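Hi,

Here is the structure we talked about handing over.

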Amino acid sequence: MFEVFKKEILELLRDRKTLFFIIALPMLVFPIIIALVAFLTSQAGLKAEQQVHTYYIVNDEYAEAFSEQVFYHKSFKKYQGDLKLDSVHALSKAVKLGQIDVGIFIDSDPRESIKIGQQSQWKVVFNDAKAINFTFNRINELANTSSHAVRSNALLELGVEPERQQAVLKPIVISKVDTADKRENYGEKLGAFIPYLLLPLVLMGASYPAIDLGAGEKERGTLETLLLTPVTRSELVLGKFFTVLASSIACTLITVASLAIWVSIATRFISIDVITTAFSSVTSWDFLLIFALLLPVAAMLSSLVLAISIYARTFKEAQNYMAPLSMGIFVPIVISLLPNMELDTTTALIPITNVALAIKEIVKGTVDYGFIGLIFIASAALAALLLICCVRWFNKETVLFR
């Protein structure tokens with residue numbers, strides 16, 4: 001078995017393409033993703049911040065102070081065309097046609113409306129189908145300034161002094177005291193997506209050498225030569241399995257190390273509050289724990305992809321089988337993202353999902369080590385079962401010589 005393992009490892013090290021996918025790609029994935037997210041986020045935010053919107057106000061004479069504030073605001077430019085708009089419908093049509101970016105309909109003078117106990121209804125018409133859009137917030141902020149001024153004057157006329165106005169308007173103030181710290185809050189959101197990066201790379205580290213050691217051997221006609229050697233089939237398949245496992249573990253180790261290194265760099269030099277807060281307290285022990293959780297997963301996937309490769313007749317057929325497996329691994333990861341999906345005794349027994357949930361808990365800083373042990377045992381037991389199936393699979397003539 002050791003001689004088979006040694007032979008396969010030497011052949012694996014000679015394959016530059018496989019080495020690229022096992023070593024180089026995991027090292028490049030995280031810096032590229034972090035840099036791309038930082039760049040695109042900053043550019044999108046900067047573009048949205050600097051964008052100037054053409055506006056049109058219907059009945060601007062009802063709110064002259066507000067109209068003046070909008071006119072002098074750096075983010076708005078008054079419409080200078082020949083359009084005469086007088087309704088919300090007309091404003092909506094103009095926005096859809098691209099004639100204006102935002103329309104504001106003021107139905108009445110707020111100073112007169114407040115005297116008769118009514119509210120002045122203002123409608124902001126714009127296209128809100130954008131991830132980053134400051135239009136409504138900016139107009140709302142200016143409108144609130146005008147609203148506060150009208151309200152203060154009305155309260156003064158009623159005899160309420162300025163220092164008592166806030167207490168009269170809002171006698172009860174409710175504040176939130178969150179027992180979760182920032183790391184836990186951000187870790188809940190960001191930590192759930194880390195498995196999306198880690199687990200597919202673990203599978204990739206196993207699949208490329210597995211295809212070559214199974215279907216590749218069949219296609220080259222070298223499998224028969226190996227079967228003639230004084231090595232039992234069980235030892236032969238175990239040698240191949242440990243080669244695939246070594247490749248997957250190497251990819252796992254490089255992936256986790258790359259994550260730790262680039263996250264450390266990102267938290268120091270890139271000012272993205274979410275990343276900095278979520279990962280600033282993640283220690284080397286946490287990354288080591290993530291690596292330990294991925295080890296039985298690597299063994300599990302190594303057994304599975306080797307069995308698939310042994311079954312395939314050709315290299316291309318094995319690749320076709322790997323594609324659905326690559327997609328299928330995302331299903332348990334998606335399950336871990338479902339609302340209120342928590343790590344408990346039940347979810348700790350669900351393959352892949354348990355590891356994804358545990359990684360999220362590690363990033364949040366709320367990991368239960370009892371569940372970590374349960375996950376490790378469950379994953380290792382499943383990996384051992386798949387390995388036994390793989391060995392029996394290899395010993396079947398009907399499978400080996402399809």
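Which residues have the most contacts inside the largest nonpolar core? They are I290, L294 and V305, in a core of 60 residues. By nonpolar core I mean a set of buried Ala, Val, Leu, Ile, Met, Phe, Trp, Tyr and Cys residues joined through side-chain atoms within 4.5 Å. Buried is under 20% relative accessible area, exposed is over 50%, and partly exposed is in between (1.4 Å probe, protein chains only).

Before the rest, some housekeeping. This is a predicted model, so local features need pLDDT of at least 70 and side-chain atom pairs count only at pLDDT 80 or more, while totals for chains, interfaces and linings use all residues. Residues are numbered from 1 along each chain as its sequence is written, and side-chain values use heavy atoms, with hydrogens and water left out.

Back to the core of 60 residues. At least two of its residues come from each of α9, α10 (223-227), α11, α13, α14 (315-328), α16 (353-364) and α17 (369-394). Helix α13 gives the most, with 16 residues. Helices (H or I, at least four residues) and strands (E, at least two) are DSSP runs, numbered from the N terminus. Helix α13 covers residues 284-311, and its end C-alpha atoms are 40 Å apart, in agreement with the 40 Å that its 28 residues should span. That expected span is 1.5 Å times one less than the number of residues. Of the 28 residues in α13, 21 are buried, so the helix is largely enclosed by the rest of the structure. As background, nonpolar side chains in soluble globular proteins tend to be buried together.

Next, the charged pairs. The whole structure has five salt bridges, each being a side-chain nitrogen of Lys or Arg within 4 Å of a carboxyl oxygen of Asp or Glu. One of them joins E217 to K240, with the closest N and O atoms 3.3 Å apart. E217 sits in helix α9 (residues 194-220) and K240 in helix α11 (residues 233-269), so this pair ties together parts that are 23 residues apart in sequence. E217 is buried at 2% relative accessibility, and K240 is buried too, at 0%.

Another links K115 and E112 at 3.8 Å, N to O. These two are three residues apart in helix α5 (residues 110-115), or about one helical turn. K115 is exposed at 57%, whereas E112 is partly exposed at 46%. Then there is E161 with R164, at 3.5 Å between the closest N and O atoms; E161 is partly exposed at 34%, and so is R164 at 48%.

On the strands, β3 (residues 102-106) has five of its five residues buried. V102, I104 and I106 point one way, and G103 and F105 the other. Strand β1 (residues 53-58) pairs with β3 in the parallel sense over four bridges, and G103 is the bridge partner of Y56. Strand β4 (residues 122-126) runs antiparallel to β3, joined by five bridges, with I104 opposite V124. Pairing here needs at least two DSSP bridges between two strands.

One last item is on the surface: I261, W262 and I265 make a nonpolar patch with about 250 Å² of accessible area together. W262 belongs to helix α11 and is partly exposed at 31%. Patches use residues with over 30% relative accessible area and no salt bridge, joining like charges within 9 Å and nonpolar side chains (Val, Leu, Ile, Met, Phe, Trp, Tyr) within 5 Å. Areas come from the Shrake-Rupley method with a 1.4 Å probe, and for residues only the protein chains shown count as cover.

Cheers
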